[in-house]
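This report examines a structural model through its strand pairing, its metal site and its covalent cross-link. The sequence and coordinates are shown first.

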Amino acid sequence: MKAVLGTMVLVLAAVAAPAGAGEIKGTVSFTGAPPQLAPLKVTKNQNVCGATVPDQSIEVAGGHLENVVVMVKGSGLPKPPPEKIVLDQEKCHYKPHVQATGPGATVEIVNSDPMLHNIHGYLGTTTVFNIAMPIKGQKIPRVLSKPGVVHVKCDVHEWMNGWIVVSDTPYAKVGDDGSYTIKDVPPGTYTVTAWHEKLGEKSQQVTVPASGDAAASFTYGK
Ligand SMILES: [Cu+2]
């Protein structure tokens, strides 16, 4: 009886934790003085949006570079599950400025402003959505079927910029503290790539051991 119970426990343990799946963890830092970006001038609908909006194209806080997405690339990786994300248009900027998801995800596009935004998403030069949203509180879903970096712009307010990174391999958006964790990576050697809208991509190889985790940190700036 004891032997049978022992076998059952082993089987349950194997189901609960996929064999040897590890995590890739690290930080994304910025060395040197962060660039001082002038705020962007609002030339339309100032009554709602104010005179300027912050330039979010390079944001550094506490030595960490914000708005970075880290992806693992290589063979044998699990596909990220489709999920639902939200992209809000509020006071003439996109919230969040950068987000990441997997292919098949539904993005619910929201207009929180009492005037027209025309949200236009590009994958390279291809339009993936192009929607006029004149009504406050309007919500329109769109499916992001293809992997790649979707650049979101507004045809009414040319200073508005946002990004949705659609990754068909495991990914993580770097948190406010500059750290990230990519979970459930099977043992193997992969390329880990950090993406930033303006400062570009940085890659390195990592090996996730048969048991345990791997580390990959990135430094931008000087
Ligand atoms: Cu707009």
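This is a predicted model: local features need pLDDT of at least 70, side-chain atom pairs count only at pLDDT 80 or more; totals for chains, interfaces and linings use all residues.

Lys-73 stands opposite Thr-191 in strand β18.

**Strand β6 and its partners**

Lys-73 lies in strand β6, which comprises residues 69-73. Strand β6 is mostly covered, with four of its five residues buried. Its pairing with β18 (residues 188-196) is antiparallel and runs over five bridges. Strand β6 also pairs with β16 (residues 171-173), again in the antiparallel sense, over three bridges. Within that pairing, Val-70 has Ala-172 of β16 as its bridge partner.

**The open sheet**

Five strands form an open sheet in the order β9-β15-β14-β11-β12, and the pairing in this sheet is mixed. Strands β9 (98-101) and β12 (126-133) stand at the edges; each has a single partner strand, so one side of each is left without a neighbour in the sheet. On average, neighbouring strands of this sheet are turned by 20° against each other, with direction ignored. The partner of β9 is β15 (residues 161-166), and these two strands pair in the parallel sense over four bridges.

**The copper site**

Which residues coordinate the copper ion? The donors are His-117 through ND1, Cys-154 through SG and His-157 through ND1, at 2.0 to 2.2 Å. In sequence, these donor residues follow the spacing H-x36-C-x2-H. Both Cys-154 and His-157 are buried.

**The disulfide**

The model contains one disulfide. It joins Cys-49 to Cys-92, with an S to S distance of 2.0 Å. This pair links distant parts of the chain: Cys-49 belongs to helix α2 (residues 46-49), whereas Cys-92 lies in the loop between β7 (84-90) and β8 (93-95), 43 residues apart. The torsion about the S-S bond is about 55°, so the disulfide is right-handed.

**Accessibility of the cysteines**

| Residue | Relative accessibility | Class |
|---|---|---|
| Cys-49 | 7% | buried |
| Cys-92 | 0% | buried |
| Cys-154 | 5% | buried |

Buried here means under 20% relative accessible area. Cys-49 therefore counts as buried at 7%, and Cys-92 does so at 0%. Cys-154, whose SG coordinates the copper ion, likewise counts as buried because its relative accessibility is 5%.

Terms used:
Residues are numbered from 1 along each chain as its sequence is written. Side-chain values use heavy atoms; hydrogens and water are left out. Donors are N, O and S atoms within 2.8 Å of the metal (3.2 Å for Na, K and Ca); water is not among the atoms, so sites may look incomplete. Buried means under 20% relative accessible area, exposed over 50%, partly exposed in between (1.4 Å probe, protein chains only). Two strands pair if DSSP finds at least two bridges between them. Axes are lines fitted to C-alpha atoms, for helices over the stretch in contact, and angles run from 0 to 180 degrees between N-to-C directions. A disulfide is a pair of cysteine sulfur atoms within 2.5 Å.
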